[in-house]
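Subject: Handover of the two-chain model

Dear colleague,

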2 protein chains.
Amino acid sequence: MVTLNFDKLGGLIAAVAQDFRTGEILMVAFMNQEAWEATLATGRATYYSRSRKSLWVKGETSGHTQIVKEILIDCDNDAVVLKIEQAGGAACHTGYRSCFHKRIQNGSIQVIGIPIFDPKEVYKK
Amino acid sequence: MVTLNFDKLGGLIAAVAQDFRTGEILMVAFMNQEAWEATLATGRATYYSRSRKSLWVKGETSGHTQIVKEILIDCDNDAVVLKIEQAGGAACHTGYRSCFHKRIQNGSIQVIGIPIFDPKEVYKK
């Protein structure tokens, strides 16, 4: 088991999901020890949901799972990059491919990219 | 001023520095409101150092500043991607181009990449 430092962020590390083919950054989330171990064990990106205070298997509800192709660790062992294949084509719960679909342009926010799915359809009860 | 949400991480947001040409992820750091405003105002990546508890103009000591080419904001306004040009070629204080110079290979850590500078020379007093 590769040991990471969860102490600097109250039990969490930052995790960046990056498209393994294009290099596009799809999302930033957090992992606790349990999420890290689950990611290693299953090969599916698993995070810790700070709002729900529970393990979050990415795509468990939407089907938009992230298949881990490669894992990079930073110098301080307190952040990881997951190079992933994004099932369903979109990482963001808003339906966009990337959570980073807003760009600063002349001091204001401009939305970039095209929604891939309709959240109302994907997350309906 | 573009307003971000610093509440979810005790006054901080996560910031990912990505090479604006190659898409390589160079580092993950944190910003408080002051660091965010300084980044916007100066066009140089400015973070908040959690260890020093102070503003951290990246490269202030080493000369390895980060020139901001583009800023992306995530869906929740609590994380940013800085697409940057890395002065001096290396973002990591260890001398590697990227802080993410370790890869998990068969359950253990393998160092990838070649150091660009010698930290003992760059950070000598």
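Predicted model: local features only at pLDDT ≥ 70, side-chain atom pairs only at ≥ 80, totals over all residues.

Residues are numbered from 1 along each chain as its sequence is written, chains are lettered from A and ligands numbered from 1 in the order in which they are written, and side-chain values use heavy atoms, with hydrogens and water left out.

For the model, the scores are ipTM 0.95 and pTM 0.95.

At the interface, 38 residues of chain B are in contact (heavy atoms within 4.5 Å) with 38 residues of chain A. The two chains bury about 3000 Å² between them, 69% of it on carbon and sulfur atoms; buried area here is the accessible area, taken with a 1.4 Å probe, that two parts lose on being put together, summed over both. On the chain B side, B:Phe100, B:Lys102 and B:Ile104 lose the most area to chain A, together 20% of what that side buries.

Helices and strands are DSSP runs numbered from the N terminus, helices being H or I of at least four residues and strands E of at least two. In helix H1 of chain A, residues 33–42, the buried residues (under 20% relative accessible area, with exposed over 50% and partly exposed in between, for a 1.4 Å probe and protein chains only) are A:Ala35, A:Trp36, A:Ala38 and A:Thr39. Seen down the axis of H1(A), these buried residues fall within an arc of 165 degrees (taken from the directions from the helix axis to the C-beta atoms), so they line one face of the helix. Their cover includes strands S2, S3, S4, S5 and S6 of chain A together with strand S7 (102–105) of chain B. After H1(A) comes A:Gly43, with a positive phi near 75 degrees.

Strand S7 of chain A (residues 102–105) runs antiparallel to strand S5 of chain B (residues 66–73) and is joined to it by two bridges; strands are said to pair if DSSP finds at least two bridges between them. Within this pairing, A:Lys102 stands opposite B:Ile73. S5(B) is also joined, by seven bridges and again antiparallel, to strand S6 of chain B, residues 79–86. The hairpin of S5(B) and S6(B) has five residues between the strands, and B:Asn77 there takes a positive phi near 60 degrees.

A:Cys92 is in no disulfide, the nearest cysteine sulfur being that of B:Cys75, 3.6 Å away, and A:Cys92 is buried at a relative accessible area of 1%.

Lastly, A:Leu26 lies in strand S2 of chain A and counts as buried, at 0% relative accessibility. Leaving aside residues up to four places away in sequence, A:Leu26 touches several residues, including A:Ala17, A:Ile84, A:Cys99 and A:Phe100.

With best wishes

How values were computed: Disulfide = S-S within 2.5 Å.
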